[in-house]
Every structure is written in structure tokens, then in C-alpha cells.
Amino acid sequence: MKNLVILGGGYGGLRIVVSLIEQNLPEDVHITVIDRNPYHSIKTEFYTIAAGTSADKDVRMAFPEHEKVSYIYAEINEIEVENQQIIFHDRSEPVPFDYLVIGLGCEDDYHGIEGASKFTESVQTFGAARRAGMAIGNLKAYGKATIVGAGLSGIEVASEIRESRPDLNIRLLDRGASVLKAFDKKIQNYVEDWFMKRDVEVVHHANVEYVEQDGVCNNGICYMNDVTVWTAGVKPNHIASSLPFEKDRQEKLVVNEFFQIPESPNIYVVGDCASSEHSPSGQLAGEQGERIAPILTAVLNGKQPDNPKEIKLKGTLGSLGSSEGFGEMMTRSVTGYLPRLAKSGVLWLNKRH
């Protein structure tokens with residue numbers, strides 16, 4: 001029996017599983033999915049868990065059931081490449097693999113800033129988002145919350161908290177001269193205006209020096225606050241970046257046109273762990289998964305896979321609370337109700353799929 005092991009049931013891993021079970025896989029192939037949670041979590045909505053505007057069940061989905069697929073819910077400790085097996089923290093028996101898909105996602109990048117990992121909340125995992133939601137939800141009236149980082153995640157966290165808790169004092173620390181530096185000026189101005197009208201303080205040219213339990217020190221000024229949420233950058237999962245393979249400048253694993261590790265073609269990489277010309281996103285991971293599935297189907301059937309089609313992303317959408325948003329749709333920058341509606345539609349379609 002050949003064992004295909006998929007590490008991570010995120011956007012890329014789940015798309016591969018769903019696509020593979022729709023194919024005519026050989027009888028001697030079995031799929032093992034390994035994830036820390038017994039469900040697929042919709043990471044693009046974790047900001048709603050942190051803000052307390054969604055229940056857990058609203059941002060998770062059951063994994064598909066199939067006779068050729070089994071699941072292991074455990075915390076991975078190491079990928080032993082030479083022995084072709086997965087080692088766990090909380091499980092004594094390793095899991096062997098003949099083919100491996102690495103889709104472990106990303107983790108916070110604290111950039112070596114003292115106290116950041118210890119004294120800040122995160123939205124990078126379901127468990128972390130829950131803890132952030134508890135910390136924010138338990139704040140007393142007029143409590144102070146600081147969000148470090150004004151990219152897409154920081155904007156969504158800050159705006160959702162504002163809508164959820166209008167009593168709180170919210171500060172957003174932005175390293176650049178304007179929020180959302182990856183977007184055009186129209187969107188930047190729209191979002192800045194949204195925050196200004198809702199009394200969210202945005203501090204530009206921020207340079208966080210260290211973080212304490214009750215404050216953030218930025219450019220020589222220490223802001224006292226009750227909760228600090230870190231959204232100032234991510235890096236590939238440390239298990240993937242520790243592997244003895246070539247990596248790019250962002251510590252992502254370099255892959256060939258078939259998403260394989262060149263020196264170990266039985267290992268595939270999807271999502272935030274794979275080097276790509278595109279910025280990491282759930283959409284990108286899903287598109288990569290759509291291309292890896294037919295490649296694996298061909299390989300498992302002893303055939304030469306076709307070259308995958310070029311990835312063309314459909315745009316990026318962000319929310320400002322429940323009724324406004326922003327994004328790039330069909331190469332056009334849009335703001336207001338339409339992009340928020342579109343984002344809700346994408347979420348609905350993903351759940352149906």
C-alpha cells in the first residue's frame with residue numbers, strides 16, 4: 001500500500017483531498033491527512049473570532065469522509081526526510097509516507113522584537129484567535145487595544161473590534177506612511193477615512209522597539225494598553241523551513257513547475273511554505289492545490305503529469321466590519337458595500353464546495 005500523507009488541512013491541503021477523492025485513484029493508494037484540529041478552519045475569517053463577532057462553528061468545516069482517506073489529529077514535531085516518516089509531539093508512533101504534501105501554513109514573524117511573542121495575541125491559528133477573542137471580550141469598558149501591523153490582517157482585526165466594541169480605545173501601529181501599502185491610494189485613503197470617522201487612532205511610521213505585558217514601546221514612546229494583537233508579518237511554518245532543502249529569501253521551500261522539491265520529487269509543497277511569485281493567501285493555496293491534485297493523480301497512476309496551468313489570481317478582498325469593505329476585483333479597485341458582499345459570497349461558496 002502506498003501512503004500519501006498530507007500535512008495540514010488548510011486551503012491547499014483540503015483542495016487536494018477533495019480533488020483526489022473525485023479521481024480514480026489506484027487501489028493500492030491511501031491518503032492520510034494530518035492536522036492539529038479535527039476540522040478545516042477558515043483562516044481568512046479568524047479576525048471575526050478575535051473580535052467576537054463570529055462563533056467557532058461559523059468558521060470551520062468538517063473534513064470530507066471517504067474510504068481512501070484517514071485522519072490523524074496531532075501536533076507534528078518533525079519531518080524525517082531520509083526515513084520518510086512524520087514524528088509527533090503527542091503521539092508515539094510515527095507515520096510513514098511514500099508521497100508527502102507539505103501544507104503547514106505560516107506563523108507569526110516577530111522580527112526579533114523583545115517581548116512580542118510573549119505579550120501579544122495572534123490570529124494565525126484557531127486556538128490563538130480564540131485566546132485573542134477572550135482577551136478582547138474580557139476588556140472592561142474603555143479598555144485599550146493596540147494592533148501592530150496595518151496590512152490586510154491588521155485592518156480587518158482593528159475594524160472588526162471597533163464594530164464589536166465601540167467603547168474600546170483602539171490604536172493601529174502602521175510601519176509605513178499609509179495603511180495597506182500593497183493596495184492603491186484610493187483604497188488606502190478610503191480605509192484611513194473609515195478609521196478616522198470611527199475614532200480608531202492610526203500611528204504611521206511606527207517602529208516597535210519592544211513589547212511589555214501592559215504596553216508597546218514605539219519610537220521611544222510607550223503606549224499603555226490592555227491587549228496587544230500582533231499582525232506585523234508572517235513566515236513559513238518552522239517545521240517546513242527547517243528542512244534541508246533550498247529556500248528563497250523568505251525561507252519558503254523552492255519547488256519546480258510541478259510543486260515538487262527538485263531533489264525529492266515525492267515531496268510536494270503548497271501554500272505559505274512554497275516559494276511563489278505571488279503573495280501568500282488562501283486563494284493562492286487553493287489554486288496551487290487545484291494544480292497539485294491532477295499531478296498527483298498522474299504520478300500515482302504511473303503516468304507523466306501535464307504541465308500545470310499558470311496561476312492567475314482573481315483579486316483580494318478585505319472587510320471593514322459587516323457592511324463595508326475594499327479590494328481589487330478584475331484589476332479594479334473597489335470600496336464600500338460591493339466588495340464586502342463579494343467577500344461574503346466567496347465565503348459561502350467555499351463552504352458549499
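**Disulfides**

I started by searching the whole structure for disulfides, meaning pairs of cysteine sulfur atoms within 2.5 Å, and one turned up. This is a predicted model, so I note that local features need pLDDT of at least 70, side-chain atom pairs count only at pLDDT 80 or more, and totals for chains, interfaces and linings use all residues. Residues are numbered from 1 along each chain as its sequence is written, and side-chain values use heavy atoms, with hydrogens and water left out.

Which cysteines are joined? Cys217 is linked to Cys222, with 2.0 Å from S to S.

Next I checked burial, where buried means under 20% relative accessible area, exposed over 50% and partly exposed in between (1.4 Å probe, protein chains only). Cys217 is buried at 1%, while Cys222 has 40% relative accessibility and counts as partly exposed.

**Cys106 and Cys273**

Cys106 is buried at 12% relative accessibility, and Cys273 is buried at 1%.

**The cores**

Then I went through the nonpolar cores, which are sets of buried Ala, Val, Leu, Ile, Met, Phe, Trp, Tyr and Cys residues joined through side-chain atoms within 4.5 Å. The largest has 42 residues, and Ile155 and Val191 touch the most other members. I noted several elements that each supply at least two residues, including α1 (11-21), α5 (152-164), α6 (185-197) and β12 (169-173). Helices (H or I, at least four residues) and strands (E, at least two) are DSSP runs, numbered from the N terminus. The biggest contributor to this core is α2, with five residues.

What does Ile155 touch, leaving aside neighbours within four places in sequence? Taking contact as heavy atoms within 4.5 Å, I found Ala150, Leu172, Val179, Leu180, Val191, Phe195, Leu320 and Phe326 around Ile155.

I also wrote down a second, separate core of 25 residues, with Ile76, Ile86, Leu100 and Leu104 among them.

**Gln260**

My last stop was Gln260, in strand β19 (residues 260-261). Is Gln260 buried or exposed? Gln260 is buried, at 10% relative accessible area. Not counting residues up to four places away in sequence, Gln260 touches Val254, Val255, Pro265, Ile267 and Tyr268.
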